[in-house]
Amino acid sequence: MQRFAIKWLCLGVSCSILALGACNGDSDPGTTDAGTDDGGSATVDCSTATTHVEQVVCASNAFLATLTEAQKASVLYAWTDQVAKTYWSNLPGVTRNGLKWGTLSAESKEAALKLAALVLTPEGYSDMTGVFAADDYLDAQGGSTGGDGGFGGPPPGSDGGMGGPRDGGMGGIVLDYSSDNYIIAFIGAPSTTGSWMLQIGGHHMAYNVTYLNGTGYPTPNHIAAEPKSAFTLNGVTYAPVADEGDAMVALYKSLSAEQLDAAYLPGTFSDVVLGPVEFGTGSYSKVVFPAQAGVLVSTLSESQQALVTAAIKKWVSDFAPAVSEPLVAAYTSPEAYAHTYVAWGGTKSAGVNVDVNGTYMRIDGPRVWIEVACQQGVVIRDQTHYHTIYRDKQTDYGNQLTP
């Protein structure tokens, strides 16, 4: 398999720095020239943009300007297309919206990465490129040939709530691990005042960022990584979800034996509870949050509450401050913590041990919903890996997806 994708991943690290300071947005997307049928592009002037949404809109139009007319037809969906909004999944080999990274020109890839670097913080951008690299790492380990002697799917009992192929079964999935397979799509035309969504996703990744009248809503957001520990590819070391996992472990290690017992959830957790259960439906009706359970955060000590806040930030603050800061404030206020619970599940005798298959951790508030599930590796079978989901009970999809 060709490895040019890794070259632009490395380029993307520098792009994140350049984009935050240089690839500003434009409040008038109509000034952006279109790409040509032969793949030519026009220069997009983003020098006058100042706000987050202006920068993101301009960067979106700068990306679109690098595409051919045929590519633009494939990457743009109508805002009214509810089904398209729910085409995201954890699994590889699933049909998704938009254009694959591997089909983009070098210019288009650079523009897409600059856009991502504006939507995300440097930490979030590092997570994204780390997940890209993880798929190439799995391919290098033999994952694209099955990695398990030919079994085409996750370990037995591991499907959880994660979205599958359109036929609802595992039979249509081909294990093809590659950063080339990640996608970018727009649902609705990028606008500083209108309604639209940016999707960047693939195996172990789903960024679904909805903008409504200039305000960004970053959920549902799925991120995972195999392996969960650091790995090295082409001389670069990645650990895309390690910080998130470490923050949750630190929280649960701070709990007393009595608190851990009160926070324990009976049953088994082969995966997160609320992964893309709405996959391909265009409806929010299947997203049913269970009754709250566990230990109330407001009953925890000040230092323990600080660890809850730190864990929440590991997901929410992956997004640009204009998007994340109001959400962090809402999720971590005293009023919110009076109705927020922490809970865990898995093998009770093992405790909160992320190296044990089935270990599960949750933060469940009036709005915020964060889950971490430890699942046996699909390719690297002797290790567990993380699946995580971050949702907002009030503003998933900007609260624009009908029941």
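This is a predicted model: local features need pLDDT of at least 70, side-chain atom pairs count only at pLDDT 80 or more; totals for chains, interfaces and linings use all residues.
Let me begin with the disulfide that joins Cys46 to Cys58, with 1.9 Å from S to S, where a disulfide is a pair of cysteine sulfur atoms within 2.5 Å. Cys46 sits in the loop between helix H1 (4-22) and helix H2 (52-64), while Cys58 belongs to helix H2, so the pair ties together parts that are twelve residues apart in sequence. The link of Cys46 and Cys58 is left-handed, with -80° about the S-S bond, and by this rule the count comes to one disulfide.

Residues are numbered from 1 along each chain as its sequence is written, and side-chain values use heavy atoms, with hydrogens and water left out.

Turning to the whole protein, the secondary structure comes to eleven helices and 15 strands, where helices (H or I, at least four residues) and strands (E, at least two) are DSSP runs numbered from the N terminus. Of the 403 residues, 58% count as buried.

Now to the charged side chains. By the rule used here, the count comes to eight salt bridges, a salt bridge being a side-chain nitrogen of Lys or Arg within 4 Å of a carboxyl oxygen of Asp or Glu.

One of them brings together Lys114 and Glu110, at 3.6 Å from N to O, and both residues lie in helix H5 (residues 106-119), four residues apart, about one turn of the helix. Lys114 is partly exposed at 22% relative accessibility, and Glu110 is partly exposed at 29%.

Another salt bridge is formed by the side chains of Lys228 and Asp355, at 2.8 Å from N to O. Lys228 lies in the loop between strand S7 (221-225) and strand S8 (231-233), and Asp355 in the loop between strand S12 (341-345) and strand S13 (360-364), so the pair ties together parts that are 127 residues apart in sequence. Lys228 counts as buried at 11% relative accessibility, whereas Asp355 counts as exposed at 55%.

Finally, Glu278 and Arg391 meet in a salt bridge at 2.8 Å, N to O; both are buried, and together with Asp396 they are linked in a network of salt bridges.

Terms used. Buried means under 20% relative accessible area, exposed over 50%, partly exposed in between (1.4 Å probe, protein chains only).
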